[in-house]
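Please consult the sequence and coordinates shown below.

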Amino acid sequence: MSRRYLSLWLSAWPLERMRLKARRQGRPFPPEEAPLALVAPERGVPLLTAVNPAGRALGVTPGLPLADARAICPGLLVRDAEPVADAEELATLGLWCTRYSPKVMLDGTDGLAVDITGCSHLFGGERSLVAHLEQRLNRLGLTYRLAVAGRLAQGWAWARFGAGGLTPAAEEAVLALPVAALRLEAGLLQALQRLGFRRIGQLAGLPRAALLTRFGPALPTRLDRLLGQGEEEFTPLRETREFAVRIGWPEPIGRSEDIAAATLRLLTSLCRELERTQLGARRLALGLYRVDGKVARLAVGTSRPVRDPVHLLRLLTLELDGVDIGFGVEFMLLEALETAPLGAAQADLAADADAADLDRLVDQLAQRLGAARVVRLQPVDSHLPERAQELVPAGAVFRGRPWLARQPRPLRLLPHPEPVEAMAGVPDGPPLWLRRRRECQHVIAATGPERILPEWWRDEPGSLRDYYRVTTAEGGSFWVSRDGLYGGHPPPQWRVRGAFV
């Protein structure tokens, strides 16, 4: 299938972005008949970066120093340019355009490129897709030009220097475009114009080797891309997802009940697709496409692979509370960001039902409190008790070795081992009594030792440890260690590591 690209040029984006922001926030903005310009400093001199039509009609153009512009138009209104905010909002508008195709790319500082290959039939063809987008851009009040072409370079050139719309198949139309449509740097473009090159057709027939020698690699590369002998790299704003479902309406919706019903419908469709491939969802993203060109994105995660629409709806409902939908939502997109194998299982057994209930509880707590606040212990490849486990999110995939089930371990270790005095019958034997907190406790039963050597690969001091489980006459059951051996230097130290309850 041949590629098809839609190129969108927003010729007055910085000014219109500010106007849209002011309208959303309910703030006043200068009327269209008032001359307005944006200013940014360059080498210490404030230069005009954008001018509205009213200002251009009075002779003010971008690139002029502010002082010269004031001399031409004393009543010129000036605002500081915000290039960072312009780029962020352009990316937001690009995400909003993913309703037409999952592949959308930023195309300079004032344009977007959309790969609509295989997508236009969903809107009734390319002309219907373009008309659908034009209707929404008009509603936002944006100044734009659209072009659809088989190559990125052709779409960019036709949107800015051609008639717009669908690029004609005849190569003569492309060759008649000005040299500026090659998207060259200003210095190279001026050099070509000084030599008398005005149209692309004047360059197309010249040997590429001669152009390379005279002007460098940029000119022949741009020519080849425009005329079909090379292709530009397409870098979408976000990764394309394998599992995604969408729904749209002729008129926007705004009631929470309607959004919840649409979400359940999307979840049911997505879970049906996952069931066919024996997969379950681990992370989901729901995009609410607002009529004002914004996208509200919600993300949820699960502790285990899931394809239960009702459970997933509960998680998304927690995020839907308080979400800003502006003046309404006209399109929704649900994507599975992460999936994992999930085969068919008997769901009505008591054990499975208890495990499923626990998973649902973990998911809801993690969604409400944050995944980092709902944790569990996971074993680590270390025999030292203080390093044998770590806290991980409750929904994390289990990794590492299994628990040491045959060795006695207290349920909880003391945060700091408690030094005690002890006496053993033989050097390697268990203690006969412990003096702990100035109280002498006689040992009536003991098991051990469990000998653990220091981890030699760690660059830190350590000594051999012998661990014992002891029971005292007073009813205590402790896990104690002897650090070091009798007869060594320094002498061994006894410590209480934890208590069995």
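Is L365 buried or exposed, or partly exposed? L365 is partly exposed, because its relative accessible area is 36% (buried means under 20%, exposed over 50%, partly exposed in between, with a 1.4 Å probe and protein chains only).

## Basis of the model

This is a predicted model, in which local features need pLDDT of at least 70, side-chain atom pairs count only at pLDDT 80 or more, and totals for chains, interfaces and linings use all residues. Residues are numbered from 1 along each chain as its sequence is written, and side-chain values use heavy atoms, with hydrogens and water left out.

## Nonpolar surface patch

L365 lies in helix 14, spanning residues 350–369 (helices are DSSP runs of H or I with at least four residues, strands runs of E with at least two, numbered from the N terminus). Together with L358, L361 and L369, L365 forms a nonpolar surface patch with about 360 Å² of accessible area.

## Salt bridges

The structure holds 30 salt bridges (a side-chain nitrogen of Lys or Arg within 4 Å of a carboxyl oxygen of Asp or Glu). One of them pairs R437 with E418, with the closest N and O atoms 3.2 Å apart. This pair links distant parts of the chain, 19 residues apart: R437 in the loop between strands 16 and 17, and E418 in strand 15. R437 is exposed at 63% relative accessibility, whereas E418 is buried at 14%.

R451 forms a salt bridge with D466, at 2.8 Å between the closest N and O atoms. R451 belongs to strand 17 and D466 to strand 18, 15 residues apart. R451 is partly exposed at 43%, while D466 is buried at 0%.

Methods: Patch = residues over 30% accessible without salt bridge, like charges linked within 9 Å, V, L, I, M, F, W, Y side chains within 5 Å. Areas by Shrake-Rupley, 256 points an atom, 1.4 Å probe, with all protein chains shown as cover.
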